[in-house]
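Dear colleague,

Please find below the structure that I am handing over to you, together with its sequence. My findings follow directly after it.

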Amino acid sequence: MADTVLYEVSDGLATITLNRPEAMNALNIATKAALRDAAEAAAADGAVRAILLTAAGDRAFCVGQDLKEHIGLLHGDRQSGSGQTMSTVKEHYNPIVRALAGAPKPVVAAVNGVAAGAGFGFALAADHRIVADTASFTTSFAGVALTADSGVSWTLPRVVGPSRATDLLLFPRSITAQEAYELGIANRVVPAAELRAEAERTARALAQGPTLAYAALKESVAYGLTHSLTETLEKEDELQTRAGQSEDHAIAVQAFVNKEKPTYLGR
């Protein structure tokens with residue numbers, strides 16, 4: 001895995017760190033491929049019970065596509081007529097978002113600075129976003145004559161509503177951490193100096209929680225957004241039956257009766 005993305009697993013927590021602070025964690029090909037591989041590995045690893053997505057430096061979480069590299073690739077496309085540059089959406093962005101949003105475990109994003117374009121999309125793909133008070137968000141796509149990618153056309157309307165999402169996409173602007181909190185983009189805003197510690201505390205607590213129940217909660221909410229009430233009730237029955245048969249449920253009930261704190265096994 002390229003050193004532009006760092007990957008570490010400790011006590012059930014996979015930490016994925018974008019590591020191009022000198023380029024504001026912009027996404028060149030090597031970084032996109034490494035992030036895709038890390039996200040897919042974390043999502044598939046049964047020993048990983050939570051994922052923390054973060055970034056190096058204090059200026060940017062991720063400013064999206066590395067436009068310096070992108071210009072050269074576009075020039076090559078024009079010379080060859082191949083049109084391969086935009087295949088990055090299918091090859092990189094889509095798998096990254098599917099891995100994060102679809103992971104059967106909680107995903108926490110620690111947004112330390114600017115999150116723009118695909119960087120904004122990756123943050124939105126997380127289940128819980130903890131944001132530094134110095135951070136900001138922008139869609140940026142229209143500003144470079146592009147449409148939304150990295151799942152933003154799916155995630156952003158579900159967070160802020162379709163009308164506001166369309167406005168933010170048509171008129172890209174910087175959204176402060178406080179406004180992001182008011183819009184529901186940020187779940188919590190903390191002082192920048194406390195961000196990493198707070199995000200790690202949250203992610204590690206989730207990694208010690210009832211993993212199967214968390215996975216079912218993610219699945220249930222996603223299902224309910226696109227299905228009828230009757231269908232969703234049937235899905236809840238299916239998922240609750242599965243959760244009720246887990247070891248963690250038995251542990252939780254026994255701990256409640258004994259007035260003890262449960263120690264979950266993630267199964």
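**Findings: rings, sheet and helices**

In this predicted model, R158 lies over the face of W154, at 3.9 Å from the ring centre. A further case of a charge over a ring involves K235, which is placed over the face of Y223, at 5.0 Å from the ring centre.

The sheet may be taken next. Four strands make up an open sheet in the order β4-β6-β8-β9, and their pairing is mixed. Its edge strands, β4 (60–62) and β9 (175–176), each pair on one side only. Strands of a sheet pair through backbone hydrogen bonds, in either a parallel or an antiparallel sense. Between β8 (residues 136–138) and β9 the sense is antiparallel, and the pairing extends over two bridges. S136 has T176, in β9, as its bridge partner.

Helix α4 (residues 118–125) lies across three of these strands, namely β4, β6 (114–116) and β8. Relative to β6, helix α4 runs at about 100 degrees.

How many aromatic pairs does the structure hold? There are two. One is formed by Y93 and F122, which are edge-to-face, with 5.9 Å centre to centre and 65 degrees between the planes. Because Y93 lies in helix α3 (residues 88–102) and F122 in helix α4, this pair ties together parts that are 29 residues apart in sequence. Y93 has a relative accessible area of 2% and is therefore buried; F122, with a relative accessible area of 1%, is buried too.

The other aromatic pair consists of F120 and F137, which are tilted, at 5.2 Å centre to centre and with 50 degrees between the planes. This pair links distant parts of the chain, since F120 belongs to helix α4 and F137 to strand β8, 17 residues apart. F120 and F137 are both buried.

Finally, I would draw your attention to T88, which is placed in helix α3. Is T88 buried or exposed? Its relative accessible area is 6%, so T88 counts as buried, the cut-off being under 20%. Leaving aside residues up to four places away in sequence, T88 touches K32, Q65 and Y93.

With kind regards

How values were computed. Residues are numbered from 1 along each chain as its sequence is written. This is a predicted model: local features need pLDDT of at least 70, side-chain atom pairs count only at pLDDT 80 or more; totals for chains, interfaces and linings use all residues. Side-chain values use heavy atoms; hydrogens and water are left out. Two strands pair if DSSP finds at least two bridges between them. Contact means heavy atoms within 4.5 Å. Axes are lines fitted to C-alpha atoms, for helices over the stretch in contact, and angles run from 0 to 180 degrees between N-to-C directions. Rings of Phe, Tyr and Trp (its six-membered ring) pair if their centres lie within 6.5 Å; planes under 30 degrees apart count as stacked, over 60 as edge-to-face and the rest as tilted. Buried means under 20% relative accessible area, exposed over 50%, partly exposed in between (1.4 Å probe, protein chains only). A charge sits over a ring if NZ of Lys or CZ of Arg is within 6 Å of the ring centre and within 35 degrees of the ring normal.
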